[in-house]
Amino acid sequence: MLEKQLKAEIVQKVKNFWAKNQSPLLVSQLGGDYPKEEVRKATKGLSLVKWIKENQGELQLKIVVHPSQDQKIGLIPSSE
C-alpha cells in the first residue's frame with residue numbers, strides 16, 4: 001500500500017462515517033482495516049496516530065480525543 005492510497009482511503013472512510021453517524025471514526029477502527037506491516041510501510045514506520053497528526057492539514061481531518069479516556073482517539077472532517 002502506498003502512502004497516497006492510505007491517505008485517500010482514510011479521508012473517504014472518515015467522511016462516510018461522519019455523514020452516516022455524525023460521530024468520530026475511531027483510529028482503532030482504522031487500524032483493524034489494514035495489516036500492520038502495510039501501515040508501517042505506508043507511514044514510513046510511524047504509528048497511525050502520529051502519521052495522521054503530521055498529515056492532518058493535507059488530510060483535512062481533525063483529531064478528537066475522548067475527554068476522560070485518552071486512548072479513544074477519533075477523526076472527523078476538518079469542516080465539522
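1. Basis. The model is predicted, and local features need pLDDT of at least 70, side-chain atom pairs count only at pLDDT 80 or more, while totals for chains, interfaces and linings use all residues. Residues are numbered from 1 along each chain as its sequence is written, and side-chain values use heavy atoms, with hydrogens and water left out.

2. Three strands form an open, antiparallel sheet in the order 1-3-2, where strands (E, at least two residues) and helices (H or I, at least four) are DSSP runs numbered from the N terminus, and two strands pair if DSSP finds at least two bridges between them. Strand 1 (residues 25–26) is joined to strand 3 by two bridges, and strand 2 (residues 61–65) is joined to strand 3 by five, with Leu-61 opposite Pro-77. Strand 1 and strand 2 stand at the edges with a single partner strand each, so one side of each has no neighbour in the sheet.

3. Strand 3. Five of the five residues of strand 3 (residues 73–77) are buried, so this strand is largely enclosed by the rest of the structure; buried means under 20% relative accessible area, exposed over 50%, and partly exposed in between, with a 1.4 Å probe and protein chains only. Both faces are covered, by the burial of Ile-73, Leu-75 and Pro-77 on one side and of Gly-74 and Ile-76 on the other.

4. Helix 1. Helix 1 (residues 3–21) has 19 residues and reaches 27 Å from its first C-alpha to its last, close to the 27 Å expected at 1.5 Å a residue, the expected span being 1.5 Å times one less than the number of residues. Its buried residues are Leu-6, Lys-7, Ile-10, Val-11, Val-14 and Trp-18. Seen down the helix axis, they fall within an arc of 125 degrees, so they line one face of helix 1; the arc is that of the directions from the helix axis to the C-beta atoms. On the other side, Lys-4, Ala-19 and Lys-20 are exposed.

5. The core. In the largest nonpolar core, which has 17 residues, those that touch the most other members are Leu-6, Ile-10, Leu-48, Trp-51, Ile-52 and Leu-75; such a core is a set of buried Ala, Val, Leu, Ile, Met, Phe, Trp, Tyr and Cys residues joined through side-chain atoms within 4.5 Å. Helix 1, helix 2 (27–31), helix 3 (36–42), helix 4 (48–54) and strand 3 each supply at least two residues of this core, and helix 1 gives the most, with four. Leaving aside residues up to four places away in sequence, Leu-48 touches Leu-6, Ile-10, Val-27, Leu-30, Gly-31 and Val-39, contact meaning heavy atoms within 4.5 Å.

6. Backbone points to inspect. Gln-22, in the loop between helix 1 and strand 1, has a phi near 50 degrees, a positive value in a residue other than glycine, and Gln-22 is exposed, with a relative accessible area of 51%. Lys-44, in the loop between helix 3 and helix 4, likewise has a positive phi, of about 55 degrees, although it is not a glycine. At 65% relative accessibility, Lys-44 also counts as exposed.
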